[in-house]
Amino acid sequence: MHDFPLDAAGTRMRPALRRNFRRLLAPQRMAFIGGTQVERTLTTLRDREFAGEVHVVHPKRSEIAGYRCVPRIADIPSPPDAVFLAVNADATIRALDELRRIDAGGVVCYASGFAEIGEAGAERNRAFIQASGDMAVVGPNCYGLVNYVNHGSIWPSPFPVLETQRGAAVISQSGNVTGHIVSNGRSVPYSYLISAGNQAVLGFEDYIDGLVDDPNVTCLGLFMEGIRDVPAFARACLLARSKAIPVIVCRSGRSDLGAAMAASHTSSLAGRNEYYEALFARLGVIETETVPQFLEMMKIASLSAPLGGTRLAVSSSSGGDNGLAADYCSFAGLQLPPPTETQVAAIQPLLPEFGHVSNPFDFTAGNWGNEKLLTPMLTTLLSGAVDAGMLVVDFAPAGSPYRGSPAHDAMDRALAAAGKAAGKPVYHASVNTGGITPEASQRMIAQGIVPLQGLHDAAQVIARWAAHGERVRRDAAGGGAALDRLVPHAVPPLTGAPRTVNEADSKRRLAAHGLTVPDGRVLSRAELAGLPDEAFAAPMVLKALHDDLPHKTEAGGVALNLRGRAEILAAADRMVDSVARHAPQIRLERFLLEPMQAPPLAELIVGVKRDPLFGMVLVIGAGGILVELVKDAVPLLLPVGRDDVEAALRGLKCFPLLNGFRGRPAADLTAVVDAVMAIAAYAGAHLDTLAELDVNPLMVGPAGAVAVDALIVEVPRPD
């Protein structure tokens, strides 16, 4: 576990740290310590006309970039609110200690050479954290902070000027990617951009916590390589969700090579993609696949009103553009409802004879730029059963004689007027990713239109924005009371050697939490021979039983469909010989005898795996021989609710087998959910000992679900 700056309840930053974080973002006094990087940073600060005091520390120079220097930190005349510290790693630690003593607020630490270099930097990293105290320290190994609200920026290279102060707050683990994000030409409004680096003191959870109450923040954009503390991150995201502040993520490290690069870059713990996806879905975090999509998502979250649903009215002057729009919208899960007869009757007379009223709507090239006709047509389309409207039009590239054509502005005026008349959000999407000029974007935004670059990304971000709106409405209807249960379990590291629990004991333990298991008996060979004749009336299953034999099938320790005493005793003798050959150290003395189960509708595997980052991960998938062949599984983080389990089951490729496939009876889905919840309950009650749990298969039938095999791996509690 890390020493993270959360309060005792683990929910919010310490009050002193919070005060210093606010000082960092709204500085009245700034200090800059170092040489070359300080000079570059002061140049950008002067360009942005910061109104507060600026102090520079350098032991040998009298001035840097036109600012007078003092030789020591102790010579700064008053406690600085924000500090840029650009000295080497060991000097950074000494300077932090001095800054803490003079009550500095926040510090951006440029130096590398800490946790990102592994064990060699671990001790230095511990000293860094200790020296920081309650200061809001960004980094180390980070580039800086762009502040569009207060203009107290700490950024060693030029960045664009924005007319607005309100917008997305970006926290990025990569300084270079932060630079790409701030310098894009997509008209994304920003409030703050923070290059977080190694997150030795402030982590994602702290930045989210400290920014959700800032009125200048429209959404939170996280470029991440990993999460250091999943429960703390979850609590922060749920705090943002309770305030309807979208959290948007773009993550690197999704490939094996990318994960290795992320770990070496910022010492992040990169986890399995499926676990991240499960976490983000659970928390309502909006995940994006690319940096362009990330930018467009932050833009729509900053400029668009919440969507009431996924129904979209699309218009263009091209059948090809409309065909692409129909595909991309469909792929994204958006609906394009056809116009009603009333709408067709109102629009058709405004079209040429060959025109056709549909959705997507081709208003034809003849109406290109015809504001007088487009305004009533688009207004009529938006007045129907749709939640938003989208116009698909590209602009001419730089240098083209058609750049700045008044027809584009006319079509946008028609779109804006239609959106206002219908009271619905409107978007202008280009087919190409650079198909809208920055000048046109600003004109659109001024009219209430959200410009979206790239038709594919436009459809994706609109769909995700609609899902966010639905989530906000559900949370409001439920009062937010259920959000606390979405925080994943924090699990301590296990100490000691893990051991397996034999099948009979594993089943007994799970049955105590509500799992249905066969009516089995644990017997010696002599006890098998002494059973009454009626014990063999039905087909039976015999299994070898030993704590050190977790994989019985490979050792010849399972015999199915046995009939009569002779078959069972012969099977027991074969098992003794087979196990002796497979594992000579095991002396097989006990067997598990169970009735043979009827053929199921489907077999499932339900397991729990302990992950050092994500806690207890429940995995539900197709069982039996399909486990390796189909790889049909869904991970859920514990704790989990019944609705989550049912949704996971319905998301499996094999779910049709449970739902009356080809006229077969349907499974008792309630019983299946009961079984999974029993397994989850056992895991939740053994967070301090459970290493792994597998039920495979869980045999599912019309009348219930039975666990015919189970294995628990644990580290016993110390006596």
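**Exercise 1. Find the neighbours of Asn367 and decide whether Asn367 is buried or exposed.**

Solution. Leaving aside residues up to four places away in sequence, Asn367 touches Leu350, Leu351, Pro352, Leu373, Leu374 and Met377, where contact means heavy atoms within 4.5 Å. The model is predicted: local features need pLDDT of at least 70, side-chain atom pairs count only at pLDDT 80 or more, and totals for chains, interfaces and linings use all residues. Residues are numbered from 1 along each chain as its sequence is written, and side-chain values use heavy atoms, with hydrogens and water left out.

Helices (H or I, at least four residues) and strands (E, at least two) are DSSP runs, numbered from the N terminus. Finally, Asn367 counts as buried because its relative accessibility is 5%; buried means under 20% relative accessible area, exposed over 50%, partly exposed in between (1.4 Å probe, protein chains only).

**Exercise 2. Describe the setting of Val249 in strand β12.**

Solution. Strand β12 spans residues 247-251 and includes Val249. With 0% relative accessibility, Val249 counts as buried. Beyond four places in sequence, the residues that Val249 touches include Leu222, Met224, Phe280 and Phe294. Val249 and Ile171 are 78 residues apart in sequence, with 9.8 Å between their C-alpha atoms.

**Exercise 3. Work out how α7 packs against α9.**

Solution. Start with the geometry: α7 (residues 230-242) and α9 (residues 273-283) pack at about 30°, their axes 10 Å apart. Axes are lines fitted to C-alpha atoms, for helices over the stretch in contact, and angles run from 0 to 180 degrees between N-to-C directions. That angle makes α7 roughly parallel to α9 (under 35 degrees; over 145 is roughly antiparallel, 65 to 115 roughly perpendicular, the rest oblique). Then list the residues: α7 contributes Val230, Phe233, Ala234, Cys237, Leu238 and Arg241, and α9 contributes Leu279, Phe280, Arg282 and Leu283.

**Exercise 4. Work out how α6 packs against α7.**

Solution. Helix α6 (residues 204-211) and α7 pack at about 20°, with axes 8 Å apart. The two helices α6 and α7 are therefore roughly parallel to each other. On the α6 side the contact is made by Phe204, Glu205, Ile208 and Asp209, and on the α7 side by Ala232, Phe233, Ala236, Cys237, Leu239 and Ala240.

**Exercise 5. Identify the buried residues of α21 and what covers them.**

Solution. In α21 (residues 642-650) the buried residues are Val645, Ala648 and Leu649. They lie on the same side of α21, because they cover an arc of only 100° around the axis, taken from the directions from the helix axis to the C-beta atoms. Their cover includes β24 (602-611), β25 (615-622) and α23 (669-685).
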